[in-house]
Amino acid sequence: MEFGSTHSEVRLKVAQCFRTLSTSTDNKDVTEALKTLNSFLDDGAESGTTSAEREEFRRAHYSRTLRVLVGHLQADWMHALSPTQRSQLWDPLFLRGPPDQTLLVLMEAVTQLSSSSGLERLVSITERFLQSGRLADLLWSFCLHSAASPQLRETLLARLTALPDITANKLHPNNRPIFAPQQYYPLLASEMLAALERTCQALRGGTDCSLTFVAQTLGKVCIQGHSGPVLAVMFPRLALCTRSDMVWQRVCWKLLENVPERWMESVLTGVVQAAKSPDAFSRVVGNLVLTNKKAHFVLTHKVLLLQYKYETPVLRTILGYLASDRERRPLLIQVLQSVLQAWANPSAVKHTPLEQQLYVSKALVLTVSLLKDSELQELRSDLLQCMLGGMQSHLDSSVVRIRTMGMVVGECLSSRMDINGTKLKFEYEQDEETRELLSLMTPSSEPESDPEPADGAPHAEEIREPSDPTAASGSTPASPRSKTDPDSDLDSDDDLTPYDMSGDQAMSQASPPRYLRDCLETLISSEDSERVELSLRAAAGLVRRNVFAAKEISVQMTKVLLHMEDKYSINGFLALRQAAMVALTVIDAIPVTQYLTTEFYSLNYSLRQRMDILEVLALAAQELSKPVADKVTGAATTSELTSYRSSDPADWRQVVEKRIQSKTKRISKGSTQPVSKAAPNRYAPVAGYFFFPLLKNYDRPEVTFDLLGSDQLVLGRLIHTLGLFMHLALNAPIAAQMGAALLDFVRAVRYHVDQMVRRGVLFAVCSVFLSMPSQSLLVDLGEQLFETRTWLADVAEGDPDADCRSLALQSLVLLDKSLKKQLQDPKALSLES
């Protein structure tokens, strides 16, 4: 009965106030009505209302009161209120009531109002609502009373997490800074921390609380893409509070447990990226990976195997978290098995991007570094089998980075397994990627506590100075006798600086050959390592200086060089041999090219020799395509490989003349350099000899050579070389025939599993579109262009290799430009018709 009377009294008072605000023109009546409404929100001892009346007003009449106030923003009494009266009578009605109802009414009013003055007033009160800590009160109210309807929760959650979007859509470009995502979401994170702080205090006092709504708020904010700014504020505070407070730990664990499953991934990945160490992550997350299936899938599978966008610290945090607790440690062994299988899978090595393979390799090395020796011994047989298979898959790849990755991971695994006391050791070039992989075998705390690389160098120099006074450049060593020594002779040479002879070389008794046939004879039959080296160093220069003699023995000398082995460990042997073969090919292009292209498909040649043939042909074609004037430069660079210098007295005059010319300034009008003269392209007449023989017999597997099978490294280099020949044949009469033949050839291998082969195919297609005339593309390749364009679009969109996608996109651009140019040319259209 008492409740019914209270309800009626409150309803009558509120109705009278609403009637006064709607009809009265007297400022005093309006002021009294506002005071009456404020009295229902006054919790002080001097309040004129009872607690039951205040509770009834908040429950049944508060939202309607706010809507009435918003509806009278343009009323006369509203404009008649002074600023002091507004701050004392109007503003508190929005700032002291239930915050959830206030937020809903404000967001609804902001989206619906159109008048500038009323909207400005609402925006100001919304800004004060956020700045006065009302969001923390809202979250805390749901921690205490979690019996709200699901519809109210969803609506409030949507308004709370999307407030920057709502205000931006309405107020742009006059939005307030506090409504911007850069300020709002950190503020929301601080309010969530305040609600969690109140929850901890309530739990210590014996009051039950619910974190469901706070967890839902965190999850929805993270799924919308704002996990970075929110967790950058929350996680450091949570990590600090959970260091020594078990109540905070339980609150954090319960918070994450209550995150809805559909939002769990975004929250966990945000927490992992915000965590600075596995210990902090473990304190905040607890054993969530053991109790939540989605968390288990994300932390042990998805982040490690399906995604590869995270940095190395994220991997350290996740794997360190799994290894830091006895209950979670079995998951680390499961992760090792799954990661090792993914790393050793031959299909993954061929079809996954390089970035993902590097990511999986880092995860594997980190996991192995965290396992104990006893755990590794239990898994030794499985690890050994997967390691050997994975290394074979990586070493069979034609990509250098993949091979190097396999070597480094194989070294790391063998160093932990200790197979018969031996450790694998490979030769590879050290770079940032390999150094990072190797560093993952050591705990992350060691590099932080031992930063001595910069401090070690000065100490080494200080130790070296007394024992080696000549080490410092430009310093004069101390003489054994002082000039003032009375026993010293006046004509003593002890005070003279000794001449630096560190760069001197021993004089050779043998002399380099002066005739080309003597050079060839030495390479064929001599057993003297010194004479062979001198002949090899002089070969390229002799070939270029004696053109007629070189043409007589070009094929024979090319055969000798191709089969020559480095029996004497000559420094730069491969470069010297290659330079001589390139010189022979340039001087006598047709016979040498016919010999090399025929030998490429012959039996009993190693893959290294076949690769050498392709490299020599490519370098020779490039040199032939340059103007004849560049020939002198090429000869000069080749002659520098010889171990002797010419005794011609004109050499030093040329050096002095060049130095004078380089330091002389000339002031003149017009062009300072003469116009280059037109020169015939020496490659165009012989392009077919380089190109077409290499297209024969490619699909015929031999006993030691299977181009379409296991020898994909040579196949990729072959296609790339053919694409280079096509590119160098620009404007050549035979370019159209070469382009049509090359497109037919690469069609059979454009879906190859090896990414180096696919890169070569796309490079060849680029060369065709770049070198063939536009008219020939339409006339000769009209039927193939549409199908080729569709294939390029598929590659540009879905190929796992980034370089392949880039090359496909470039090919599409070149094709579109060529076709557009041809279709816009009226002469070409008339000729085609």
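This is a predicted model: local features need pLDDT of at least 70, side-chain atom pairs count only at pLDDT 80 or more; totals for chains, interfaces and linings use all residues.

Colleague: Fine. How many cavities of 30 Å³ or more does a search of the whole structure find?

Modeller: Three cavities reach that volume.

Colleague: Which residues line the largest one?

Modeller: Its lining is made of L218, L231, M234, F235, L238, C252, L255, L256, V271 and V284.

Colleague: And by class, what does that lining have?

Modeller: There are 10 nonpolar residues, with no polar and no charged ones.

Colleague: Which helix gives the largest share of it?

Modeller: That's α13, with five residues. Both α13 (212–241) and α14 (246–257) supply at least two residues each.

Colleague: OK, on to the second largest cavity. What lines that one?

Modeller: You'll find L743, V746, R747, R750, V765, Q784, T788 and W791 around it. The elements giving two or more residues to this lining are α40 and α43 (782–798).

Colleague: What's the split by class there?

Modeller: Four nonpolar, two polar and two charged residues.

Colleague: Tell me about α40, then. What span does it reach from its first C-alpha to its last?

Modeller: Helix α40 covers residues 735–747, 13 residues in total, and reaches 18 Å, close to the 18 Å expected at 1.5 Å a residue.

Colleague: Which of its residues are buried?

Modeller: A735, A736, M738, G739, L742, L743, F745 and V746 are the buried ones in α40. Among them, L743 and V746 also line the second largest cavity.

Colleague: Changing topic: where does T442 lie?

Modeller: T442 is in the loop between α26 (432–439) and α27 (445–449).

Colleague: Why does T442 count as partly exposed?

Modeller: Because its relative accessibility is 32%, and partly exposed covers what falls between under 20% for buried and over 50% for exposed.

Colleague: What does the side chain of T442 have a polar atom 2.8 Å from?

Modeller: The backbone oxygen of S439.

Colleague: And how far apart are T442 and V365?

Modeller: In sequence they are 77 residues apart, while in space they are 9.9 Å apart, C-alpha to C-alpha.

Colleague: Great, thanks.

Terms used. Residues are numbered from 1 along each chain as its sequence is written. Side-chain values use heavy atoms; hydrogens and water are left out. Helices (H or I, at least four residues) and strands (E, at least two) are DSSP runs, numbered from the N terminus. The expected span of a helix is 1.5 Å times one less than its number of residues. Buried means under 20% relative accessible area, exposed over 50%, partly exposed in between (1.4 Å probe, protein chains only). On a 1 Å grid over the protein atoms alone, a cavity is a set of points where a 1.4 Å probe fits but cannot get out, and a pocket is an open set with protein on both sides within 12 Å along at least five of seven lines; lining residues have an atom within 4 Å of a point. Grid points are joined across faces, edges and corners, and a volume is the space filled by probe spheres set on the points. Ala, Val, Leu, Ile, Met, Phe, Trp, Tyr, Cys and Pro count as nonpolar, Asp, Glu, Lys and Arg as charged, and the others, Gly among them, as polar. A polar contact is a pair of N or O atoms within 3.5 Å; within protein, one must be able to donate a hydrogen and the other to accept it, and residues adjacent in sequence count only if both atoms are side-chain atoms.
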